[in-house]
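Please keep the sequence and the model at hand while reading.

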Amino acid sequence: MRRPIVLAALLSVSVASCGDCGGGASNPDASVVIGSCEVPNVDPKCGSICSGDPDCPATLYCLTKKCVADCVGVGTACSSGGKCAERGHCVVSPGPGPDGGGLVPDGGDCPRVSVTPTELVPTVQLLIDRSGSMGEDFVPGTSRWNALKKALIDPAEGVVTKLQAKVRFGATLYTNDGQGSCPDLNAIDPKMGNAADIKNLLDSNFPGADTPTGEALDPVAQKLHDNVPIEGGDGPRIIVLATDGEPDTCANPNPIDQIELKAARDVALAAARKGFQLGIQTHVLSVGSQVALAHLQDLANAGTGTPSGNNAPYYVANDPAQMVGAFDTIIKGVRNCGFSLNGTVAAGKEDTGLVTLDGQPLAYGDPDGWRLMDGKTLELQGTACSTFKEADKPTLDASFGCGGIIN
């Protein structure tokens, strides 16, 4: 039975394509050390920091962010029946190790292959109601607007401040001030490390006028769909809508009866459905309890494509702590624990993978373990995903059996 050795990488995954390959591990020929700097006549730069093979000398390869080698000298023997290949990789011919272990390829020569996945980064566009009622007291002495600002960009506890290194944030403020085009939008495009720019946007704008929610949601979803992120892996793209009141429209900023109110709600629901069809989910937070719960539920369902008869979560915050908790829950929930691989797992080899999180093995195909979303994307699930997201510096390790990775 093959026994893959885990290759450790902080916040990344290293994947090996042959059994018993690992940093400092020994193969069945005890004279050869795999992935280390203990090889005779190894380059003096062995052990230096790297992010990929190009950072290393030509006789070394990059493994778990260090330049290492299995052997020195292309064509020289490196184990029983094996030969040294490019960059110091040991190419091992078929043959079992002791007790079925060792370097056991599926057939033919079997060089080890290391790949570094990229965590899929979610994009969150905050769509924030800037209507006049947001200036009213949320709790005595604190307006809804100021409470929302603190929940998002407080230097110590703000959700954007804390997660800006893991989430691509943007923000759009919306209202209808009657002074020009409607809706009136002020926006910051999403990017990593965006807390300072979002703080400036919130600090330089103030509540006033009306709430054309549907007509604001529509262009924001379209723009989020059209703009492809240029940094990090492309994870889910979502809108977090924070509003404190019932919607109106540009044509009718002051609905006076239930018929007009329903028409404004329908515009918002149509925009949420259209966004979902574009692949953009909308999550809803009511700042205070002025929005009818039935409308919040309808909007949450429309924004997440939830079928009739089921209820998607929505959030109501009646004090600052609830607002922080709601933002935190929504935004952490969209991190899907996906990792893009720069190599492809061969069909039929998925179950040869060994994945550990902080040293604990995870089961393939388990609801609380890991799976492959496709040949190039690994995803943690259930409690494994929750553990990864809650940890400050999680270590995720993975290896695949021989022949498990193809280019």
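**Disulfides**

The structure is a predicted model. A search of the whole structure finds four disulfides; three of them are set out here. A disulfide is a covalent bond between the sulfur atoms of two cysteines.

| Pair | S to S distance | Angle about the S-S bond | Handedness |
|---|---|---|---|
| C37 and C46 | 2.1 Å | -90° | left-handed |
| C56 and C67 | 2.1 Å | -90° | left-handed |
| C337 and C385 | 2.2 Å | 85° | right-handed |

The disulfide between C56 and C67 has an S to S distance of 2.1 Å. C56 belongs to the loop between β2 (33-34) and β3 (61-63), and C67 to strand β4 (residues 66-68), so this pair ties together parts that are 11 residues apart in sequence. Both C56 and C67 are buried.

The link of C337 and C385 is right-handed, with 85° about the S-S bond. Here C337 sits in the loop between α7 (320-334) and β16 (338-340), while C385 is in helix α8, so the pair ties together parts that are 48 residues apart in sequence. Both C337 and C385 are buried.

Which residues of helix α8 are buried? In this helix, formed by residues 382-390, they are A384, C385, F388 and K389. These residues lie on the same side of α8, because they cover an arc of only 130° around the axis. An α-helix has 3.6 residues a turn, so residues three or four places apart point the same way.

Helix α6 (residues 293-304) contains Q297. The relative accessible area of Q297 is 15%, and Q297 counts as buried because this value is under the cut-off of 20%. Leaving aside residues up to four places away in sequence, Q297 touches N311, A312 and Y314.

**A sheet of three strands**

Three strands form an open sheet in the order β19-β18-β22, and their pairing is antiparallel. The edge strands, β19 (360-362) and β22 (396-399), each pair on one side only. On average, neighbouring strands of this sheet are turned by 30° against each other, direction ignored.

Strand β18, which spans residues 354-357, pairs with β19 over three bridges in the antiparallel sense. What stands opposite V355 in β19? The residue facing V355 there is L362.

Methods:
Residues are numbered from 1 along each chain as its sequence is written. This is a predicted model: local features need pLDDT of at least 70, side-chain atom pairs count only at pLDDT 80 or more; totals for chains, interfaces and linings use all residues. Side-chain values use heavy atoms; hydrogens and water are left out. Two strands pair if DSSP finds at least two bridges between them. Helices (H or I, at least four residues) and strands (E, at least two) are DSSP runs, numbered from the N terminus. Axes are lines fitted to C-alpha atoms, for helices over the stretch in contact, and angles run from 0 to 180 degrees between N-to-C directions. Buried means under 20% relative accessible area, exposed over 50%, partly exposed in between (1.4 Å probe, protein chains only). The arc is that of the directions from the helix axis to the C-beta atoms. Contact means heavy atoms within 4.5 Å. A disulfide is a pair of cysteine sulfur atoms within 2.5 Å.
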